[in-house]
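Please look over the sequence and the coordinates below before reading on. The paragraphs that follow go from single residues to the whole chain.

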Amino acid sequence: MPFPPPSGPVVLDGGLSDQLVAQGHDLGGELWTARLLVERPDELLAAHTAYVRAGAQVVISGSYQASFTGFARRGIGRRAAARLLGDSVRLARASGARWVAASVGPYGAVLADGSEYRGRYGLSAAELERFHRPRIEALLAAEPDVLALETIPDAVEAEALVRAIRGCGVPAWLSLTVAGAATRAGQPLDEAFAVAAAADEVVAVGVNCCAPADVLPAVARATAVTGKPAVAYPNSGALSPSAGRSSRPSPPSLPALVPEWLAAGVQLVGGCCGVGPDAIAALARPLPAS
């Protein structure tokens with residue numbers, strides 16, 4: 001089935017880290033959830049499956065913080081690292097999800113210092129493109145249905161990623177992390193979304209890992225600037241100020257916000273940090289099947 005389908009909302013999963021913590025895992029360390037690609041791939045599969053059982057149609061791979069650089073710091077060579085990146089897609093596929101999205105997290109995630117919530121790394125778009133391209137190629141080799149260019153804090157990195165996927169033959173969504181009416185790096189949203197307007201590979205544009213209250217104005221700008229469907233998977237609104245991640249459960253208000261997001265052009269909807277399987281089930285239950 002093509003992605004996204006021509007009509008109807010599509011339900012994404014929630015926070016992978018939240019489910020892994022619920023399964024008893026300490027995610028400390030530079031690799032974060034990607035560490036389990038090395039140590040406990042079975043637990044990643046169990047987490048993905050929990051979201052499919054909750055009603056998620058799209059499972060996002062555990063490759064957000066995975067990179068050749070990060071694996072090298074663990075003594076893992078390039079060939080093995082490429083296999084692990086591919087494994088993230090294969091594990092997501094094994095969950096039985098209708099579609100698998102290969103997560104391409106921001107450069108700042110690899111630094112493991114919370115800088116994905118600040119952006120402005122001091123690198124040019126060309127330098128960021130060179131960083132992202134090899135990991136994107138490794139993920140594409142495992143044949144995902146879509147690329148999730150997600151939690152992007154900076155218009156420069158958004159431009160780099162759109163350039164990196166040019167001609168790849170697989171659809172992608174571009175999802176920024178925002179603070180109010182600007183990217184986390186402080187740029188106008190119109191500037192950041194505009195880089196995807198003419199990219200045929202980008203089939204949806206929107207936001208993730210932001211406060212739920214920031215979704216509606218951001219997706220209104222995304223659809224106005226690009227003319228594309230929107231994607232929205234915010235966090236629970238209870239972020240850690242140090243790392244940008246949540247350890248508290250999703251508030252019950254999140255599913256109640258979904259109807260107005262859909263009316264604003266959101267076609268892909270789910271949750272990020274702090275949004276677990278129960279919240280995804282509550283979100284998915286009233287939606288028509290796509």
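Is alanine 112 buried, partly exposed or exposed? With a relative accessible area of 36%, alanine 112 is partly exposed, where buried stands for under 20% relative accessible area, exposed for over 50% and partly exposed for what lies in between, computed with a 1.4 Å probe on protein chains only. The model behind this value is predicted, so that local features need pLDDT of at least 70 and side-chain atom pairs count only at pLDDT 80 or more, while totals for chains, interfaces and linings use all residues. Residues are numbered from 1 along each chain as its sequence is written, and side-chain values use heavy atoms, with hydrogens and water left out.

Alanine 112 sits in the loop between helix 6 and helix 7, and its phi is near 55 degrees, a positive value in a residue other than glycine. Most residues other than glycine have a negative phi. Cysteine 209 also has a positive phi, near 50 degrees, and is placed in the loop between strand 8 (202-208) and helix 10 (215-226); with a relative accessible area of 1%, cysteine 209 is buried. Helices (H or I, at least four residues) and strands (E, at least two) are DSSP runs, numbered from the N terminus.

The loop between helix 6 (107-111) and helix 7 (125-140) also holds glutamate 116, which counts as buried at 2% relative accessibility. The side chain of glutamate 116 makes a polar contact with the side chain of tyrosine 64, at 3.2 Å; a polar contact is a pair of N or O atoms within 3.5 Å, and within protein one must be able to donate a hydrogen and the other to accept it, with residues adjacent in sequence counting only if both atoms are side-chain atoms.

Two further loop residues can be followed in the view. Isoleucine 165, in the loop between helix 8 (155-164) and strand 5 (172-176), is buried with a relative accessible area of 0%. Leaving aside neighbours within four places in sequence, isoleucine 165 is in contact (heavy atoms within 4.5 Å) with Ile136, Leu147, Leu149, Ala172, Glu201 and Val202. Tryptophan 32, found in the loop between helix 1 and helix 2 (35-39), counts as buried at 13% relative accessibility, and its C-alpha atom is separated by 33 Å from that of glycine 265, 233 residues apart along the chain.

Towards the end of the numbering comes helix 12 (residues 277-284), which is mostly covered, with six of its eight residues buried, namely Pro277, Ala279, Ile280, Ala281, Leu283 and Ala284. The cover over these buried residues includes strand 1 (10-11), helix 1 (16-22), helix 3 (41-54), helix 11 (253-263) and strand 10 (266-269).

For the protein as a whole, the secondary structure comes to 12 helices and 10 strands. The radius of gyration is 17 Å, close to the 19 Å that the globule rule gives for 290 residues, so the protein is as compact as a globular protein of that length; the radius is taken over C-alpha atoms, and the rule is 2.2 Å times the number of residues to the power 0.38. Of the 290 residues, 60% count as buried, and residues 24 or more positions apart account for 78% of the contacts with a separation of 6 or more. Along its principal axes the C-alpha trace spans about 50 × 40 × 40 Å.
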